[in-house]
Amino acid sequence: MTANDRFDTTLGAWLDEGPMDLPDVTRRAILTSLPVTHQARRGLLAPGRFFPMPTFYRAVALVAILVVAAGGAALLIGRMGQSNVAAPVATPTTSPTPAATPLAPSAQPSVAVSTPSPLQGHTPTFVVPFSYRLPAGEGLVVDDSDPTWYQFRHPKADGQGYDNTIVVRAVEGGRVDPCAETSTTKPMANPQAFFDYFATIPTMRVGDVTPTTIDGNRGLSATVEFTAATAECPDVWLWTEEGSITQNGGRGPRPISIVDVQGKHVMVLRNGPDSFLQKADEFIASIRFDRPSSSASPAP
Amino acid sequence: MQAGLVERARDGDELAFAALVDLAGGRCYAIAYRILRDVERAQDAVQQAFLLAWRELPKLRDPERFDVWLHRLLVNACYEEFRRYRRWSTRVRSLPVDGPAAPDDFVSIDDRDALERAFARLSVEHRSVVVLHHHAGMPLASIAEITGVPVGTVKSRLFHATRILRDALASDAVENARVRPA
């Protein structure tokens with residue numbers, strides 16, 4: 001029995017311990033609550049949701065409504081006063097007091113954004129042994145809950161989640177058998193080796209391999225696409241490290257770039273509608289990797 | 001058969017819903033207990049999930065998707081319970097009232113303690129993935145659908161959680177070897 005088998009057996013046995021049947025007290029509590037719990041009803045034309053709206057998005061929607069209402073009120077008051085008052089001169093000078101009505105993110109100017117990224121100065125020591133900087137947040141939400149990779153997303157217009165993602169992570173190599181989770185790993189020497197490796201995976205299609213750079217670091221870009229799972233390859237375990245890309249047949253090609261940075265391979269994967277891919281490209285172009293000698297000093 | 005029960009329950013049939021509770025309740029409770037490691041919290045999470053399911057059932061368009069939908073409600077209820085009681089749950093630990101189902105010598109006491117301690121360090125999101133995969137035997141795609149994250153994230157969480165649990169067992173073995181040399 002291998003160490004993996006022994007671990008799986010021990011974990012499985014430990015998880016199998018414990019209750020398996022719903023206690024009577026809980027069953028009774030559920031059933032006695034039914035008569036006093038009204039079922040939701042909706043009209044034929046009412047929009048339905050498969051899952052209830054999360055509290056966070058309700059709060060966001062409420063704030064957005066209040067902002068629009070306040071903005072409308074301010075506009076109305078401004079127009080009413082315009083007949084007797086000269087129009088204010090717009091100046092770039094800063095006001096000592098903050099604006100009374102904050103602009104919604106979509107109404108903010110799209111130029112000269114200098115908001116620091118939440119990752120500015122951040123050193124994701126596990127993923128990349130050097131820090132990198134992103135000069136503009138651009139409304140992207142950072143998911144750094146997992147220590148092995150970073151994910152950047154832009155909320156959908158209706159606030160209902162995301163249909164896009166940019167994944168940034170350091171990758172050491174692939175697997176001898178990428179269709180097996182327990183396969184031994186295979187380090188890669190350079191970006192070309194990664195794309196050669198991709199070409200050997202039966203459920204993966206690679207196209208348009210072209211040279212690329214990120215912050216002056218050379219590598220390759222391509223589009224990758226996964227076909228439907230097969231019995232021989234039900235899932236793809238692509239990297240030496242885990243996560244970030246898998247087999248989802250029918251999702252269409254996604255751009256991927258791998259560049260060498262200070263002896264490490266950094267992978268950037270984009271996925272989403274065309275409008276987001278353009279934003280993703282701008283975001284990637286803004287990445288600045290710290291040099292070893294300046295890693296301890298502040299950003300220029 | 002289950003789809004018929006779901007359709008009847010969707011139309012307000014309490015007996016049909018009771019049958020669904022009998023069909024899925026045990027499995028839901030087993031999952032909730034293993035994520036939360038607490039009998040009372042697991043009971044609360046299951047009750048919350050089923051009552052929400054009863055309330056929102058008319059909005060479920062495809063009865064065939066009831067299982068996935070219910071499991072998602074359950075996992076979300078576990079997240080909520082976990083966060084509600086996180087402050088003191090690290091100090092207070094309930095023991096299962098039914099006792100261990102497996103004989104003690106199958107998982108050693110040392111291994112069990114090591115796993116309990118390591119599992120307690122995992123986030124509820126990581127716990128959920130471990131339980132759904134290793135206990136409920138669900139494929140990664142189903143777990144992704146239930147937890148509402150991409151399959152890649154599920155893999156990553158599973159990898160991270162497995163490494164922590166594996167390290168805990170390994171370090172425990174080393175410690176035991178040091179304390180009790182052969």
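B:Arg37 is buried, with a relative accessible area of 10%; the class covers residues under 20% relative accessible area, against over 50% for exposed and in between for partly exposed, with a 1.4 Å probe and protein chains only. This residue of the predicted model is located in the loop between α2 and α3 of chain B. Its phi is near 55°, a positive value in a residue other than glycine. Helices here are DSSP runs of H or I with at least four residues, strands are runs of E with at least two, and both are numbered from the N terminus. Residues are numbered from 1 along each chain as its sequence is written, and chains are lettered from A and ligands numbered from 1 in the order in which they are written. In this predicted model, local features need pLDDT of at least 70, side-chain atom pairs count only at pLDDT 80 or more, and totals for chains, interfaces and linings use all residues, while side-chain values use heavy atoms, with hydrogens and water left out.

Two packed helices are described by the angle between their axes and the distance between the axes. In chain B, helix α2 (residues 14-36) packs on helix α3 (residues 39-56) at an angle of about 145°, and their axes are 9 Å apart. The axes are lines fitted to C-alpha atoms, for helices over the stretch in contact, with angles from 0 to 180 degrees between N-to-C directions. Contributions from α2(B) to the contact (heavy atoms within 4.5 Å) include B:Phe17, B:Leu20, B:Val21, B:Cys28 and B:Tyr33, while those from α3(B) include B:Val39, B:Arg41, B:Val46, B:Phe50 and B:Trp54. By class, the residues of this contact comprise 16 nonpolar, two polar and two charged. Nonpolar denotes Ala, Val, Leu, Ile, Met, Phe, Trp, Tyr, Cys and Pro, charged denotes Asp, Glu, Lys and Arg, and polar denotes the others, Gly among them.

Helix α4 (residues 66-84) of chain B has 19 residues and should span 27 Å at 1.5 Å a residue, in agreement with its end C-alpha atoms, which are 27 Å apart; the expected span is 1.5 Å times one less than the number of residues. Among the buried residues of α4(B) are B:Phe66, B:Trp69, B:His71, B:Cys78, B:Glu81 and B:Phe82.

Chain B as a whole contains nine helices and zero strands. Of its 182 residues, 53% are buried. Its accessible surface is about 8400 Å², with 51% belonging to carbon and sulfur atoms; areas were computed by the Shrake-Rupley method with a 1.4 Å probe, and for residues only the protein chains shown count as cover. Of contacts in chain B between residues at least 6 apart in sequence, 69% join residues at least 24 apart.

Chain A contains five helices and eleven strands, and 39% of its 300 residues are buried. It exposes about 17200 Å², of which carbon and sulfur atoms supply 59%.

Within helix α2 (residues 24-33) of chain A, A:Ser33 is buried, with a relative accessible area of 16%. Apart from neighbours within four places in sequence, A:Ser33 is in contact with B:Gln47 and B:Leu51. A:Lys279, in helix α5 (residues 274-285) of chain A, is partly exposed at 23% relative accessibility. The C-alpha atoms of A:Lys279 and A:His154 are 9.3 Å apart in space, although the residues are 125 apart in sequence.
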